[in-house]
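Hello,

Here is the structure for you to take over. My notes follow below it.

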Amino acid sequence: DWTPEHFIQSTVERVRAQVGTGHAICGLSGGVDSSVAAVLVARAIGDRLTCIFVNNGVLRKDEFQKVQTTMREQLGLNVVAVDSSERFLAKLAGVTDPEQKRKVIGNEFIAVFDDEAKKIFEAEKSSGEEIAWLVQGTLYPDVIESSSVHGPSHTIKSHHNVGGLPADMKLKLIEPLRDLFKDEVRRIGRDLGMPDDIIERQPFPGPGLAVRILGEVTAERVAILQEADQIVVDEIKKAGLYRKVWQSFAVLLPVKSVGVMGDQRTYANTCAVRAVESEDGMTADWAPLPYEVLRTISSRIVSEVRGINRVVYDITSKPPGTIEWE
Ligand code: XMP
């Protein structure tokens with residue numbers, strides 16, 4: 001019979017035997033899957049796992065700092081954090097096409113990850129040991145999906161959860177979650193004593209806020225969206241709805257409209273609020289958020305976020321809409 005305890009025990013034993021005295025690296029995203037995979041492998045081989053966490057410039061507000069703290073202090077992981085936001089934003093300048101954004105971010109991520117992995121590899125080699133393993137939080141649905149449907153819209157997934165290893169690095173793959181569904185991964189995470197903050201986290205796309213900023217992604221627009229997004233998530237949590245909705249977030253539109261603030265006329269950005277209910281992200285219904293929650297979200301965004309003077313609620317389900325706007 002499948003139980004979390006049994007799964008953890010047998011996985012830890014298997015990984016320990018596989019890796020032997022070798023080293024492993026793991027890309028962290030801050031999400032459930034990569035975190036659970038990392039914690040499992042760390043149980044098996046301890047400090048011989050090095051995690052790499054990259055700031056791609058399109059993370060949520062304070063996420064780069066917060067994830068580092070959680071991973072190091074609460075989960076005891078050995079984390080190399082790389083702030084590459086400027087490098088990503090420079091590459092994103094002038095890019096407005098959604099798939100092009102994904103491509104740019106995916107390629108840049110691989111380049112940064114590769115650099116860091118090489119550094120770790122060199123350091124370990126000089127101490128007479130060899131890094132031989134790459135840990136990935138691939139789930140069973142990722143395995144299915146990358147063999148069929150989504151294709152180019154999941155560039156990061158296809159590169160970084162399944163295959164796509166840098167050609168000159170002879171890394172062997174460890175995918176401890178390959179046979180599992182999301183709810184099983186959450187059960188394992190809980191059993192491993194991981195905090196709710198990570199276990200219950202809503203999915204967040206690899207290309208991050210870049211696919212929620214319609215039009216060009218600039219540092220200024222990222223900062224505006226981070227503020228609005230934080231308010232949406234905050235209020236959804238306060239209303240006790242964070243676990244009930246599959247995803248809830250803000251989208252920054254390339255549309256300016258006229259407003260009035262005090263006795264001043266404003267002319268500023270529009271923000272769309274999106275909240276959906278779903279089992280797996282393949283289909284989704286827009287969430288019937290209580291008017292009170294929408295009211296608070298709207299008034300807080302308009303009064304607290306400089307640069308946004310209008311908020312709209314997205315009432316499109318999937319299909320025919322998608323969850324993300326890009
Ligand atoms: P859509 O917008 O296609 O999204 O309805 C379905 C689910 O996939 C996530 N998503 C992505 N995840 N890289 C990712 O890692 C991507 O490029 C990407 N695009 C969409 C989306 O957040 C939703 O959960």
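Cys 26 stands opposite Cys 51 in strand E2. This is a predicted model: local features need pLDDT of at least 70, side-chain atom pairs count only at pLDDT 80 or more, and totals for chains, interfaces and linings use all residues. Residues are numbered from 1 along each chain as its sequence is written.

E1 covers residues 23–28 and E2 residues 49–55; they run parallel, joined by five bridges. Strands pair if DSSP finds at least two bridges between them. With helix H2 (residues 32–45), E1 and E2 make a right-handed β-α-β unit. Right-handed means that, with the strands pointing away from the viewer, the path from the first strand over the helix to the second runs clockwise.

Six of the six residues of E1 are buried, so the strand is largely enclosed by the rest of the structure. Buried means 20 or more other C-beta atoms within 10 Å of the residue's own, with C-beta atoms placed from the backbone. In a regular strand the side chains alternate between the two faces of the sheet. Both faces of E1 are covered: His 23, Ile 25 and Gly 27 are buried on one side, Ala 24, Cys 26 and Leu 28 on the other.

Now the whole protein. Eleven helices and nine strands are present; these are DSSP runs (helices H or I, at least four residues; strands E, at least two), numbered from the N terminus. Of the 326 residues, 36% count as buried. The C-alpha atoms fill a box of roughly 70 × 45 × 40 Å along the principal axes.

Best wishes

Technical notes. Buried ≥ 20, exposed ≤ 12 C-beta atoms within 10 Å, placed from the backbone.
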